[in-house]
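Please read the following briefing alongside the sequence and the three-dimensional model. The points are grouped by topic.

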Amino acid sequence: MLILAGYVGYRTLRSWNRKRPLQRGEGAGGSDRRVDDIMVQDPVCKVYFPKKEGIRMHTDDKEYFFCSPACRDAFLKDRQGV
Ligand SMILES: [Zn+2]
């Protein structure tokens with residue numbers, strides 16, 4: 001239950017943080033920044049986050065990005081559980 005509450009708070013914080021720079025930083029950021037801020041989706045909690053901030057993981061020939069170690073662990077667990 002605590003973990004779930006932490007998740008919701010974390011996700012809310014993240015989406016809130018994401019909105020602010022978009023409103024204020026128009027024209028301030030260079031085009032280079034955009035390449036750096038590619039948004040990827042966490043396959044576990046479905047949240048979007050900048051690729052560079054994610055946790056990278058290689059499985060087989062695929063590459064995954066997770067918003068947190070907890071999501072990576074959950075993903076691994078799910079794969080093993082099949
Ligand atoms: Zn996640």
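**Briefing on the predicted model**

Asp 73 has its place in helix H3 (residues 69-81), where helices (H or I, at least four residues) and strands (E, at least two) are DSSP runs numbered from the N terminus. This is a predicted model, in which local features need pLDDT of at least 70, side-chain atom pairs count only at pLDDT 80 or more, and totals for chains, interfaces and linings use all residues. Residues are numbered from 1 along each chain as its sequence is written.

**Overall architecture and confidence**

- The protein chain contains three helices and four strands, and their order along the sequence is α-α-β-β-β-β-α.
- The mean pLDDT of the protein chain is 80, and 73% of the residues score at least 70, pLDDT being the predictor's confidence in each residue, from 0 to 100.
- Among the elements of the protein chain, strand E2 (residues 48-50) has the highest mean pLDDT (96), whereas helix H2 (residues 31-36) has the lowest (56).
- Where pLDDT is low, the predicted coordinates should not be read in detail.

**Burial, core and contacts**

- Of the 82 residues in the protein chain, 11% are buried; a residue is buried if 20 or more other C-beta atoms lie within 10 Å of its own, exposed if 12 or fewer, and partly exposed in between, with C-beta atoms placed from the backbone.
- The largest nonpolar core is made of five residues, namely Phe 49, Phe 65, Phe 66, Cys 67 and Cys 71, where such a core is a set of buried Ala, Val, Leu, Ile, Met, Phe, Trp, Tyr and Cys residues joined through C-beta atoms within 7 Å.
- Once its neighbours within four places in sequence are left aside, Cys 71 is in contact with Asp 42, Val 44, Cys 45 and Phe 66; two residues are in contact if their C-beta atoms, placed from the backbone, lie within 7 Å.
- Among contacts between residues at least 6 apart in sequence, 29% join residues at least 24 apart.

- Strand E3 (residues 55-59) runs antiparallel to strand E4 (residues 62-66), and five bridges join them; two strands pair if DSSP finds at least two bridges between them.
- Within this pairing, Arg 56 stands opposite Phe 65 in E4.
- Zero of the five residues of E3 are buried, so this strand lies largely in the open.
- Two residues separate E3 and E4 in the hairpin, and Asp 60 is in the turn.

**Positive phi values in the loops**

- Most residues other than glycine have a negative phi, and most peptide bonds are trans.
- Asp 60, although not a glycine, has a positive phi of about 55 degrees, and this residue counts as exposed because it has 5 C-beta neighbours inside 10 Å.
- Lys 46 lies in the loop between strand E1 (39-41) and E2, and its phi is near 65 degrees, a positive value in a residue other than glycine.
- Lys 46 is exposed, since 10 other C-beta atoms lie within 10 Å.
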